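Subject: Structure handover

Hello,

Please find the structure below, with notes on what was found in it.

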Amino acid sequence: MRFSNSEALHASWGWLRKSIGIVLLLAAAGTVPASGEEIKANQLFGAKELPTMSKPMVIGGYAKGCLSGAVQLPESGPTWQAMRLSRNRHWGHPILIDYLIDLSERARDLGWKGLYIGDLNQPRGGPMTSGHASHQSGLDADIWLMPPPSLELSVAEREEISAVSVRTADQAGLNDKWTDTHMQVLKAAADNPLVDRIFVTAPIKLEMCKTAGEDRAWLQRIRPYYGHHYHFHVRLKCPPESETCITQTPTVAELSNGGDGCDKSLEWWVTAYLDSLKKPPPDPPPPRPRGARDYVMADLPEQCQQVLNAP
């Protein structure tokens with residue numbers, strides 16, 4: 001069948017309108033921006049100010065996932081204050097919110113006023129524009145290692161106050177800010193079946209290995225990792241009802257149901273790691289590996305597109 005010139009023009013215009021419509025639809029869904037380059041997932045999730053109106057569900061993994069039905073940690077409570085409110089990162093799965101409030105009460109019972117709580121997750125999880133590679137699925141939270149001098153800070157004061165490091169300048173030990181109460185608070189944080197692991201600076205783990213005593217079952221959940229001398233990072237296990245949640249690969253000690261993480265592998269953090277800090281960086285530096293800030297929506301679980309577009 002052959003078209004007349006007018007029919008051909010009409011058909012071409014119809015195809016063009018349909019194509020434009022598809023592009024606009026994809027752009028609204030966060031996949032094709034006006035520039036023609038795919039929008040980064042952290043820009044899309046970072047722009048969402050509110051959670052989805054759906055039941056709580058963890059989707060994907062801690063460093064490549066998202067969250068539906070998030071709950072916000074109240075800005076202040078009898079035993080906690082949320083810090084850096086301008087970031088809008090105090091959202092999480094309900095089990096995380098309950099865990100943090102319970103832990104803040106334990107901290108009060110142990111001698112602190114409570115806890116200063118840093119970043120949790122964005123309203124819909126997902127990659128962040130700054131700061132974290134993880135904190136994407138509603139199960140991660142940062143807790144300051146500084147005992148709160150006050151739980152009546154204003155919003156402005158919470159933007160300005162700085163956490164205090166407990167590590168020495170040479171990164172090999174703990175300074176005089178570290179106390180026995182820090183040890184007790186971290187033990188309370190780790191000694192909970194909801195916890196998968198807690199990241200701390202290596203000198204904290206070394207000190208805890210020396211002073212934990214006979215009760216050491218909880219100690220395996222305390223893991224040395226880069227930084228983490230101003231705060232500790234709590235990571236909870238996947239909730240039973242979140243079938244789309246991806247668990248973290250267990251360590252050898254976890255697989256064998258034993259060990260406290262105080263074996264020779266811990267020595268790396270105060271020998272090879274510290275030695276590596278003294279070496280000059282390679283010239284030129286190696287290219288930065290692709291990470292969370294490079295992800296586009298296609299890198300995340302398919303359900304995250306639904307989370308992003310949901311009311």
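A disulfide here is a pair of cysteine sulfur atoms within 2.5 Å. Cys-238 and Cys-245 meet that definition, with their sulfur atoms 2.0 Å apart.

Before the rest, two remarks on how to read the values. This is a predicted model, in which local features need pLDDT of at least 70 and side-chain atom pairs count only at pLDDT 80 or more, while totals for chains, interfaces and linings use all residues. Residues are numbered from 1 along each chain as its sequence is written, and side-chain values use heavy atoms, leaving out hydrogens and water.

Overall picture

The protein has nine helices and eleven strands; helices (H or I, at least four residues) and strands (E, at least two) are DSSP runs, numbered from the N terminus. Of its 311 residues, 45% count as buried, where buried means under 20% relative accessible area, exposed means over 50%, and partly exposed lies in between (1.4 Å probe, protein chains only). Contact means heavy atoms within 4.5 Å. Among contacts between residues at least 6 apart in sequence, 75% join residues at least 24 apart.

Disulfides

The structure holds three disulfides. With the bonded cysteines numbered in sequence order, the pairing is 1-6, 2-5, 3-4.

In the pair already named, the torsion about the S-S bond of Cys-238 and Cys-245 is about -70°, so this disulfide is left-handed. Cys-238 counts as buried at 19% relative accessibility, and Cys-245 counts as buried at 11%.

Cys-209 and Cys-262 form a disulfide with sulfur atoms 1.9 Å apart. Its S-S torsion is about -85°, so the disulfide of Cys-209 and Cys-262 is left-handed. Cys-209 lies in helix α6 (residues 202-211) and Cys-262 in the loop between α7 (252-255) and α8 (272-278), so the pair ties together parts that are 53 residues apart in sequence. Cys-209 is buried, with a relative accessible area of 14%, whereas Cys-262 is partly exposed, with 24%.

Cys-66 and Cys-304 form a disulfide with sulfur atoms 2.1 Å apart. The torsion about the S-S bond of Cys-66 and Cys-304 is about -100°, so this disulfide is left-handed. Cys-66 sits in strand β2 (residues 64-68) and Cys-304 in helix α9 (residues 303-309), so the bond ties together parts that are 238 residues apart in sequence. Cys-66 is buried, at a relative accessible area of 0%, and Cys-304 counts as buried at 0% relative accessibility.

A helix pair

Two packed helices are described by the angle between their axes and the distance between the axes. The axes of helix α3 (residues 94-110) and helix α5 (residues 180-190) come within 10 Å and cross at roughly 150°. That makes α3 roughly antiparallel to α5. Axes are lines fitted to C-alpha atoms, for helices over the stretch in contact, and angles run from 0 to 180 degrees between N-to-C directions; an angle over 145 degrees counts as roughly antiparallel, under 35 as roughly parallel, 65 to 115 as roughly perpendicular and the rest as oblique.

The crossing of α3 and α5 is right-handed, meaning that the near helix is turned clockwise from the far one by less than a right angle. On the α3 side the contact is made by Tyr-99, Leu-103, Arg-106, Ala-107 and Leu-110, and on the α5 side by Thr-181, Gln-184, Val-185, Ala-188 and Ala-189. By class, the contact of α3 with α5 has seven nonpolar, two polar and one charged residues; Ala, Val, Leu, Ile, Met, Phe, Trp, Tyr, Cys and Pro count as nonpolar, Asp, Glu, Lys and Arg as charged, and the others, Gly among them, as polar.

Regards
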